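I opened this notebook to record two searches. The entries below follow the order in which I made them.

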Amino acid sequence: MNQAERRTVIKRIYASLTERGYRPMDQIIGYILTGDPTYITNHSGARQLAAGIDRYDLLEDLLRAYLTTDDETVERSA
């Protein structure tokens, strides 16, 4: 799964959590930190979507986005 696909999946998970009345940021962070799938609702297949994301790759995406500025890009490690 590439970065664009991970972004799409996270947005779908965020929407599913919001629809169910959860605090999506807290739930997604909990999932990323622990890997515990119960942080993610089953609503709209969100838990299954989350299981398809490599958490390490997602953290790498997040860190790269945080460190990237308009004039520089952080390269992906091999």
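I sorted the residues that line the largest cavity and found 9 nonpolar, no polar and no charged; Ala, Val, Leu, Ile, Met, Phe, Trp, Tyr, Cys and Pro count as nonpolar, Asp, Glu, Lys and Arg as charged, and the others, Gly among them, as polar. The model is predicted: local features need pLDDT of at least 70 and side-chain atom pairs pLDDT 80 or more, while totals for chains, interfaces and linings use all residues. Residues are numbered from 1 along each chain as its sequence is written, and side-chain values use heavy atoms, without hydrogens and water.

I listed the lining as Ile10, Ile13, Ile28, Tyr31, Ile32, Ile40, Ala50, Ile53 and Leu58. Helix H1 (3-19) and H2 are the elements that give two or more residues to this lining. H2 supplies the largest share, 3 residues. A helix here is a DSSP run (H or I) of at least four residues, numbered from the N terminus.

I noted 1 cavity of 30 Å³ or more in the whole structure. The largest cavity holds about 50 Å³ of space. A cavity is a set of points on a 1 Å grid over the protein atoms alone where a 1.4 Å probe fits but cannot get out, and lining residues have an atom within 4 Å of a point.

Leu33 counts as exposed because its relative accessibility is 67%, and exposed means over 50% relative accessible area with a 1.4 Å probe, protein chains only.

Technical notes. Buried means under 20% relative accessible area, exposed over 50%, partly exposed in between (1.4 Å probe, protein chains only). On a 1 Å grid over the protein atoms alone, a cavity is a set of points where a 1.4 Å probe fits but cannot get out, and a pocket is an open set with protein on both sides within 12 Å along at least five of seven lines; lining residues have an atom within 4 Å of a point. Grid points are joined across faces, edges and corners, and a volume is the space filled by probe spheres set on the points.
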